[in-house]
Amino acid sequence: MSATTDSSRREFLKTTALVTGGLVIAFTVPGARRFAAAAGRVPAASFVPHAFLRVGVDDTVTVLIAHSEMGQGIWTALPMLVAEELDADWSRIRVEHAPAAPVYAHTVFRMQMTGGSTSTWSEFDRCRQAGAIARAMLVQAAAQRFGVSPADCRTENGTVIAGGKRARYGELAEAAARLPVPKEAPLKDPKDWKLIGKPTRRLDTPEKITGRAEFGMDVKLPGLLTAMVARSPVFGGKVKSFDATAAKAVPGVRAVVRVPAGVAVVADHYWAAKLGRDALKVEWDPGPLAGLDSESLKEEFRKLAGYKGTPVPAEAEVREAPPAVRAIAGTRAASAAQAGDVAQALSKAAKTIEAEYAVPYLAHATMEPVNATVRIGRNKCEIWTGTQFQTMDQLAAAKITGLKPEQVEVHTTFLGGGFGRRATPTSDFVSEAVQVAKAVGTGAPVKTVWTREDDMHAGYYRPAYVHRVQVGLGGDGMPTAWRHVIVGQSILAGTPFEPMMVKNGIDATSVEGVSDSAYMKEIPNHRVDLHSPKLGIPVLWWRSVGHSHTAFVMESLMDEL
């Protein structure tokens with residue numbers, strides 16, 4: 001459905017009932033209208049449905065979920081919420097990933113996305129309300145058929161019952177679709193729940209063990225081509241020149257095209273694309289990060305960790321360092337938490353423990369490397385991929401193709417692992433696939449595939465961090481002072497989440513688990529400082545985000561103490 005359609009709820013239901021031959025429930029989301037209107041894609045006065053519940057004439061109940069299933073179980077959890085209030089026959093429940101549209105925006109983040117362990121709690125009330133509304137309408141339709149009051153009807157396992165009269169939901173679906181839609185319906189008392197909170201077999205398990213489940217890598221379309229991109233061996237590097245002669249000589253290679261990420265080899269199948277890429281001769285301009293070295297970078301991080309809230313040395317003091325490290329000069333620390341007089345308390349401590357921890361950059365290493373299939377046609381772009389950021393991908397593809405966002409259709413597949421890698425604000429792998437398909441220019445669908453090596457060498461990473469800590473102990477062995485300095489890149493800087501989650505120079509995800517630690521709050525004199533150097537290394541949230549390094553440091557320190 002076009003996001004710009006200006007129709008009433010009544011007309012929407014009438015139209016979709018004709019299309020599906022059943023009952024379609026649209027339910028609104030607080031704030032979704034504001035999000036869509038602010039983006040300039042939906043008239044402010046129009047009704048904006050967020051999600052849909054379809055009851056078919058064949059008794060199937062289809063729940064469209066706005067979030068992505070990547071192993072966390074929402075393919076089952078969210079339909080359970082709907083089915084509970086609907087009193088549906090669980091064996092008749094079907095699930096689909098919803099299309100990408102502003103109306104599917106997350107209630108908090110105002111975009112269609114999956115992350116932060118938020119899918120179930122963000123949907124808890126509105127999924128239940130959708131089921132309750134659908135149930136109320138089906139009861140109303142049954143009451144009219146039976147010639148009784150709705151109060152005389154009850155529901156059970158996909159059936160409306162009044163005395164000796166019974167009607168399945170499928171029999172009532174078309175009649176219910178013609179009724180006015182209530183704004184809300186009463187929800188069950190938790191004591192009456194039959195599904196929520198009960199062990200339930202996952203709906204995606206049969207799909208996965210039989211091979212019916214479609215992941216991005218499984219997508220097959222008529223005329224499908226496969227592409228692989230040769231990328232710079234250095235972050236930020238660019239193509240100076242390339243020779244495609246040997247690549248084009250590989251059987252099955254159809255085209256070699258230059259794209260912003262590098263040079264793409266497009267072929268009939270994966271192996272031809274890989275051999276063609278291997279045969280490419282590319283001369284690279286490595287750019288300013290050519291001298292980047294992990295050990296040198298760690299040493300500069302250690303220097304920063306020694307400057308507690310003071311300016312870093314001037315450029316002259318680090319001019320011998322690689323360019324990426326030189327960029328650290330001038331960085332200032334920001335205080336994430338402080339209480340008492342740490343310096344004085346440390347000077348009076350009976351014993352002082354000092355510790356330094358360093359953790360490396362980490363790749364996400366999802367089981368399924370990233371990939372996306374793109375078909376660009378006249379006034380339309382279709383994308384098949386396992387993504388956590390449908391809104392970002394849709395907007396990025398629209399910008400690349402010159403289309404409107406609603407002309408970009410995103411088909412969300414199952415995700416072979418996400419952990420944040422498939423939630424990139426730059427839509428890197430999806431944008432790359434769109435650019436490849438556009439460069440090919442034939443209108444054929446093109447699947448751009450990353451290898452495991454590509455994923456490790458050219459993806460996004462959990463930032464490296466250095467922690468330096470001084471803890472003062474009293475005569476009883478309990479901490480009386482704690483000074484903690486953290487150095488590492490911000491994953492939020494430059495993203496749409498920066499205004500919300502970076503305050504006074506503090507990226508909340510860099511210090512979570514330290515600045516808000518229960519241990520820290522119990523210590524009368526404490527201070528937590530953060531340095532967030534800006535480097536050219538692409539960094540991103542990684543499963544558990546800040547806690548992936550802070551939990552290790554804090555718990556290890558407690559063991560030392």
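Predicted model: local features only at pLDDT ≥ 70, side-chain atom pairs only at ≥ 80, totals over all residues.

Author: Arginine 94 is a residue of strand E4, which spans 93–97. Once neighbours within four places in sequence are set aside, arginine 94 is in contact with Thr60, Val61, Thr62 and Val63. Strand E3 covers 61–65. The C-alpha atom of arginine 94 also lies 8.2 Å from that of proline 79, a residue 15 positions away along the chain.

In soluble globular proteins, nonpolar side chains tend to be buried together. Here the largest nonpolar core comprises 46 residues, and Leu23 and Leu86 are those with the most contacts inside it. Strand E4 supplies at least two residues of this core, as do strand E2 (51–56), strand E3, helix H3 (74–86), H4, E6 and H5. Helix H4 provides the largest share, namely 11 residues. Leucine 23 shows how several stretches of the chain come together: apart from neighbours within four places in sequence, leucine 23 is in contact with Leu53, Arg54 and Val55, with Ala134, Met137 and Leu138, and with Ala173, Ala176 and Ala177.

The axes of helix H4 (residues 119–146) and helix H5 (residues 169–177) come within 9 Å and cross at roughly 90°. The two helices are therefore roughly perpendicular to each other, the class that covers angles of 65 to 115 degrees. On the H4 side, the contact is made by Arg135, Met137, Leu138, Ala141, Ala142 and Arg145; on the H5 side, by Tyr169, Glu171, Leu172, Ala173, Ala175 and Ala176. By class, this contact has nine nonpolar residues, three charged residues and no polar ones. Met137 and Leu138 of H4, together with Ala173 and Ala176 of H5, belong to this contact and are also among the contacts of leucine 23.

Strands of a sheet pair through backbone hydrogen bonds, either parallel or antiparallel. In this case three strands form an open sheet in the order E5-E6-E7, with antiparallel pairing. Strand E5 (154–156) and strand E7 (165–168) are at the edges with a single partner strand each, so one side of each has no neighbour in the sheet. Neighbouring strands of this sheet are turned by 25° against each other on average, with direction ignored. Helix H4 lies across E5, E6 and E7 and runs at about 45° to E6, whereas H5 lies across E5, E6 and E7 at about 75° to E7.

Within this sheet, strand E6 (residues 159–162) and E7 pair in the antiparallel sense over four bridges. Threonine 159 has arginine 168 in E7 as its bridge partner, and alanine 162 stands opposite lysine 165 in E7. The hairpin of E6 and E7 has two residues between the strands, and glycine 163 takes a positive phi near 65° in this hairpin.

Elsewhere in the chain, the picture has a counterpart. Apart from the core already described lies another, of 29 residues, among them Val257, Ala397, Ala398 and Leu403. Val257 is also one of the contacts of alanine 264, which touches Met228, Val229, Ala255, Val256, Val257 and Val436 when residues up to four places away in sequence are not counted. Alanine 264 is found in strand E11 (residues 262–267), and its 0% relative accessibility places alanine 264 in the buried class. A separation of 8.8 Å is found between the C-alpha atoms of alanine 264 and arginine 231, which are 33 residues apart along the chain.

Five strands form an open sheet in the order E13-E25-E22-E21-E14, and its pairing is mixed. Its edge strands, strand E13 (334–339) and strand E14 (351–359), each pair on one side only. Neighbouring strands of this sheet are turned by 10° against each other on average, direction ignored. Strand E22 (residues 479–488) and strand E25 (residues 525–531) pair in the parallel sense over seven bridges, and alanine 481 has asparagine 525 in E25 as its bridge partner. Helix H18 (residues 547–560) packs on this sheet, where H18 touches E14, strand E21 (465–473) and E22, and the direction of H18 makes about 150° with that of E14.

Notes. Residues numbered from 1 in each chain as written. Heavy atoms only, no water. Axes fitted to C-alpha atoms, helices over the stretch in contact; angles between N-to-C directions. Parallel < 35°, antiparallel > 145°, perpendicular 65-115°, else oblique. Contact = heavy atoms within 4.5 Å. Nonpolar A, V, L, I, M, F, W, Y, C, P; charged D, E, K, R; others polar. Pairing = 2+ DSSP bridges. Core = buried A, V, L, I, M, F, W, Y, C linked by side-chain atoms within 4.5 Å. Buried < 20%, exposed > 50% of the residue type's maximum accessible area, 1.4 Å probe, protein only.
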